[in-house]
Amino acid sequence: MRAYKSKVVTPIRLPDRDEREENLQQAGYNVFNLDSDAVFVDLLTDSGTGTMSENQWAAIMKGDEAYAGSRSFERLQSAVSDVMGFERIIPAHQGRGAENVLYGALVEDGDYVPNNTHFDTTRAHIANNGAEPVDCPRDGALGDEDEARPDEDDSAFAGDLDVEKVRELADEVGAENIPAVLVTITNNSLAGQPVSVENVREAREVADELDATFVIDACRFAENAYFVREREEEFAGESVADVAREQLSYADALVMSGKKDGLANVGGFVALRDDPELDGLHAKARERGILYEGFTTYGGMAGRDLEAMAVGLREAVEESYIEDRVSQVQRLGDMLAERDVPVQRPTGGHAVYVDAAEFLPEIPPERFPGQALVCELYREGAVRGVELGSFAFPETDRPELVRLCLPRRTYGADHLEHVAETFEEVAERRDAGEVSGLEIVEEPEMAELRHFSAELRPVGGSEERKEQGQEQEATADDD
Ligand code: F0G
């Protein structure tokens, strides 16, 4: 049962079939180019798209917009201290701003930085500072073909860092070239799978062995803590708030996007432990904060944004909130699995990941089955998801995943029902041989960013025939 009722609503509309078809064409078969008005259920991301509570809106009125020494900053500081256990923070406009502040101060040319799996912006900021991001996920975490996922129990923390891989990396490149060990909770690039507290303790140990700074990307720390409480025996029966503090207590530094478990529409920060050994890093990061984000008591946010995040952080570890949040994601996963949609199980904390290669077996990888599924979901139900396969990550052998990411406190059971029904309709079209693959017709120079702006067209299916028909009609009209 939902733990909320609505007080502010945003009207949404399901465009009719012809409109959806036209929108898709105009968007170049790339849903990043769609107007949000044209989307009925928007599962593109959980980042900054959630619904704020009445207490957050009330706090916004108390925003202190002073350039320096804002009271709102103090309130954020005290929330971070209470909820996450860190005393020193450097605010930033969002997560990637915080990454730029911290990683620019922490890594340099020729370094190597291991992580359970780097999220795109993390990878980009590490690389941008001349270092090499290295993924160290557990083998077979997602049930690779050659190394099948061992058993259900083991998959409970499929997001874990493989600390042995970090040790091997150190043997290979030298511990002196590994300035930091990172762990991302939950592991967004690995189907949002959680990381155990035990694993964070091991990561702390390995960081100590290498004399490296241990950083946690905490943007989904509350969702992760919920899974720990449910699955890690030591924490059974504890509060999510206590588990979260325990898990974060092993890190030297946090990078936080407040747009996730800060329950805010914008904002982020770097947090550092109050430890004299970290004074140098703190001074450097503060300087970078001022240079790139803004003075140290606002960091690219308005005072009111600081307030909203301060309240949001406290709400994120409330039992009623987190239970509602994670169980909604699980429910969507169950609804799709019941309809034979191949989804990653167990589901992660923020999204359901669909294996598009399995769902659309007729579409070969070079025709982007994930993007084809994303387009079909829009075509059939104006549902917007995101492709995280060979279209988003060219030249990698990532699985062809489509992510359906639920904004926090935003959609209800009937919206989930609509998504599930949309999948049924896509399956019908697939079975009738009507789903076609895609090819890229225009792409930006930076391959890493192509899924944001590339344009595509359908090939080899009924859609292509329809498009060709329309082109011929247009040519006939011109004549
Ligand atoms: N770290 C992780 C694990 C993330 O998932 C994100 C953002 C960031 C850092 C960057 O934070 O967006 O505030 O700059 N993830 C979003 C997503 C965009 O859709 O998964 P940001």
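Residues are numbered from 1 along each chain as its sequence is written, and side-chain values use heavy atoms, with hydrogens and water left out. Because the model is predicted, local features need pLDDT of at least 70 and side-chain atom pairs count only at pLDDT 80 or more, while totals for chains, interfaces and linings use all residues.

Let's begin at the ligand. It is surrounded by 17 residues, and the closest are Thr45, Arg96, Asp217, Ser257 and Lys260; a residue is near the ligand if one of its heavy atoms lies within 4 Å of it. By class, this shell divides into two nonpolar, eight polar and seven charged residues. Here Ala, Val, Leu, Ile, Met, Phe, Trp, Tyr, Cys and Pro count as nonpolar, Asp, Glu, Lys and Arg as charged, and the others, Gly among them, as polar.

Which side chains place polar atoms by the ligand's oxygen atoms? Among them are those of glutamine 94, with an N or O atom 2.7 Å from a ligand oxygen, and arginine 220, with a polar atom 3.0 Å from one. Serine 257 also has a polar side-chain atom 2.7 Å from an oxygen atom of the ligand.

Helix α4, residues 95–106, gives the most to the shell around the ligand, with three residues. Helices are DSSP runs (H or I, at least four residues), as are strands (E, at least two), numbered from the N terminus. The axes of α4 and α10 (residues 279–292) come within 8 Å and cross at roughly 135°. Such axes are lines fitted to C-alpha atoms over the stretch in contact, with angles running from 0 to 180 degrees between N-to-C directions. The two helices α4 and α10 are therefore oblique to each other, the class left once angles under 35 degrees (roughly parallel), over 145 (roughly antiparallel) and 65 to 115 (roughly perpendicular) are set aside.

Finally, a look at the backbone in the loops. The peptide bond from isoleucine 185 to threonine 186 is cis, with omega near -20°, and threonine 186 sits in the loop between β5 (180–184) and α7 (197–210). Another cis bond runs from arginine 345 to proline 346, with omega near -10°.

Definitions and conventions. Polar contact = N/O pair within 3.5 Å; in protein donor to acceptor, adjacent residues only side chain to side chain.
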